[in-house]
Amino acid sequence: MPEEASDTTKTLLIRGYRYAFSLTHDPAQAEDLLQDAWVAVLKAGGPRKRAYLFSAIRSRFLDQRRREQLIVIEALDEHDDPEDTSTEEIIFADTQMLEKALSTLRPLERETLLLSEIEGYTAQEIASVTGHPRGTVLSLIHRSRKKLKQYLLSQADKEGHG
Amino acid sequence: MAKRHISTHLREYYEAQQPSAKRLAHLVTMVEIAKMQAPGIPVIPTKTRTDHASSGFRPVFVLFFAVTAALAFFFFRPTHDVTQSVAKEIVLNHNKRLAVEFTSENYAELGAMMSKLDFSLLRPKQIETQGFRVLGGRYCSIQGNLAAQIRLADETGRIHTLYQSALTEDLKKLQTGDLEQDGLKLTLWREGGLLFGLAGPIN
């Protein structure tokens, strides 16, 4: 096995796993979701590229949720205060707090955060992945960060790190 | 982690997430198997494809693929601890505090409302004497199986979440009893052919 090719595949799979994990927030479900999508990509002889794998993961996740009737349709509020930059604040968090904080977000919110913060997608790119308008994506990123910040600050206060 | 920007916390958190080494090796192996086939031939040959030149080799490829896939599955099959996995899932769901979809104060009525469940909702005897009040329920899933999530209030008004699910082969392997997960008390038990999980604050 050429090491370089294998490393590239591993990197792609790890990124795919993180994306699946952002949707499920459960390690076992994320692994299963990644495997289903990977099998589909290989079966189709499709390009082993990030966008293609992410798209396969996303469609499988939505299918699965629809089957389980767990999709909660919620209106996305596009109104935000553009002057509010409070999410830039430096705050205390450890892994456990972050895990709990992220579990309070919806899959779409975690997905948007991962794509923007970790994968470096632009709002326009996220809009084309999720099918939401760019303005909604920007608002979603802002509100998700704000929710995280509020949760983490309240936890830090409780634990005396505020 | 310490005091940082949210972006930094998020990056560190997600960059620490990886699939298990076994699962990763299994997925990489699948690529190698696919590569062994002639370019353009899907991993699993489709019925519509006709390739007379290579048709003589196809049974060999298919047999090779089947044997390798079986071996790969045997050696790299997922070995999640089902008890831990279920406990984590239940506690995460409890912490989400999602709104109930069906409001009722008794199990029978709630069972009638939640008609999509593939089992009959039971009033669990194990917690009969604990004075819980039923507030309502919603659909959820445990290990990918449809389950009921019932919100209960104890005598002091604290919220607990009760889960009921049909017993699958995986769930039959689960260890029952009391455990603590992420600062919550969790009780798992089987009753009337169902799996029950109760998550709530530690006394």
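A contact here means heavy atoms within 4.5 Å. The views below come from a predicted model, where local features need pLDDT of at least 70, side-chain atom pairs count only at pLDDT 80 or more, and totals for chains, interfaces and linings use all residues. Residues are numbered from 1 along each chain as its sequence is written, chains are lettered from A and ligands numbered from 1 in the order in which they are written, and side-chain values use heavy atoms, with hydrogens and water left out.

**View 1. Chain B, with six helices and eight strands.** Helices (H or I, at least four residues) and strands (E, at least two) are DSSP runs, numbered from the N terminus. Along the sequence, chain B reads β-α-α-α-α-β-α-β-β-β-α-β-β-β. Take its contacts between residues at least 6 apart in sequence: 56% of them join residues at least 24 apart. Of the 203 residues in chain B, 42% are buried, where buried means under 20% relative accessible area, exposed over 50%, and partly exposed in between (1.4 Å probe, protein chains only). The accessible surface is about 10,800 Å², with 55% of that on carbon and sulfur atoms; areas come from the Shrake-Rupley method with a 1.4 Å probe, and for residues only the protein chains shown count as cover.

**View 2. Chain A, with seven helices and one strand.** Starting at the N terminus, the order of elements in chain A is α-α-α-β-α-α-α-α. For contacts in chain A between residues at least 6 apart in sequence, 69% link residues at least 24 apart. Chain A has an accessible surface of about 7,700 Å², and carbon and sulfur atoms own 49% of it.

**View 3. The largest nonpolar core, with 50 residues.** A nonpolar core is a set of buried Ala, Val, Leu, Ile, Met, Phe, Trp, Tyr and Cys residues joined through side-chain atoms within 4.5 Å. The members that touch the most others are Trp38(A), Leu53(A), Ile57(A), Leu102(A), Leu148(A), Leu10(B) and Tyr14(B). Helix α1 (residues 3-24) of chain A supplies the largest share, eight residues. A second, separate core has 20 residues, among them Phe102(B), Ala148(B), Leu162(B) and Phe196(B). In soluble globular proteins, nonpolar side chains tend to be buried together.

**View 4. Helix α3 (residues 50-67) of chain A and its residue Ile57(A).** The helix has 18 residues and spans 26 Å from first C-alpha to last, close to the 26 Å expected at 1.5 Å a residue (the expected span is 1.5 Å times one less than the number of residues). Buried residues in α3(A) are Leu53(A), Phe54(A), Ala56(A), Ile57(A), Arg58(A), Phe61(A) and Arg65(A). Leaving out residues up to four places away in sequence, Ile57(A) touches Gly16(A), Tyr19(A), Ala20(A), Leu23(A), Leu33(A), Leu34(A) and Ala37(A).

**View 5. Ile14(A), a residue of helix α1 in chain A.** Ile14(A) is buried, at 12% relative accessible area. Across in chain B, Ile14(A) touches Gln17(B), Gln18(B), Pro19(B) and Leu24(B), not counting residues up to four places away in sequence. Ile14(A) and Leu34(A) sit 20 residues apart in sequence and 9.3 Å apart in space, C-alpha to C-alpha.

**View 6. Strand β7 (residues 184-191) of chain B and the strands it pairs with.** Six of the eight residues in β7(B) are buried, so the strand counts as mostly covered. Two strands pair if DSSP finds at least two bridges between them. Five bridges connect β7(B) to strand β6 (residues 177-181) of chain B, running antiparallel, and Glu180(B) has Lys185(B) as its bridge partner. This hairpin leaves two residues between the strands, and Asp182(B) in the turn has a positive phi of about 50°. On to strand β8 (residues 194-201) of chain B: it pairs with β7(B) in the antiparallel sense over eight bridges, with Thr187(B) opposite Leu198(B). That hairpin also has two residues between its strands, and Gly192(B) takes a positive phi near 55°.

View 7. Rings of Phe, Tyr and Trp (its six-membered ring) pair if their centres lie within 6.5 Å; planes under 30 degrees apart count as stacked, over 60 as edge-to-face and the rest as tilted. Tyr13(B) and Tyr14(B) make an edge-to-face pair, 5.3 Å centre to centre with 80° between the planes, and both tyrosines are buried. Trp189(B) and Phe196(B) are stacked, at 5.2 Å and 10°. Trp189(B) counts as buried because its relative accessibility is 4%, and Phe196(B) does so at 0%. Tyr17(A), Phe21(A), Tyr13(B) and Tyr14(B) form one aromatic cluster.
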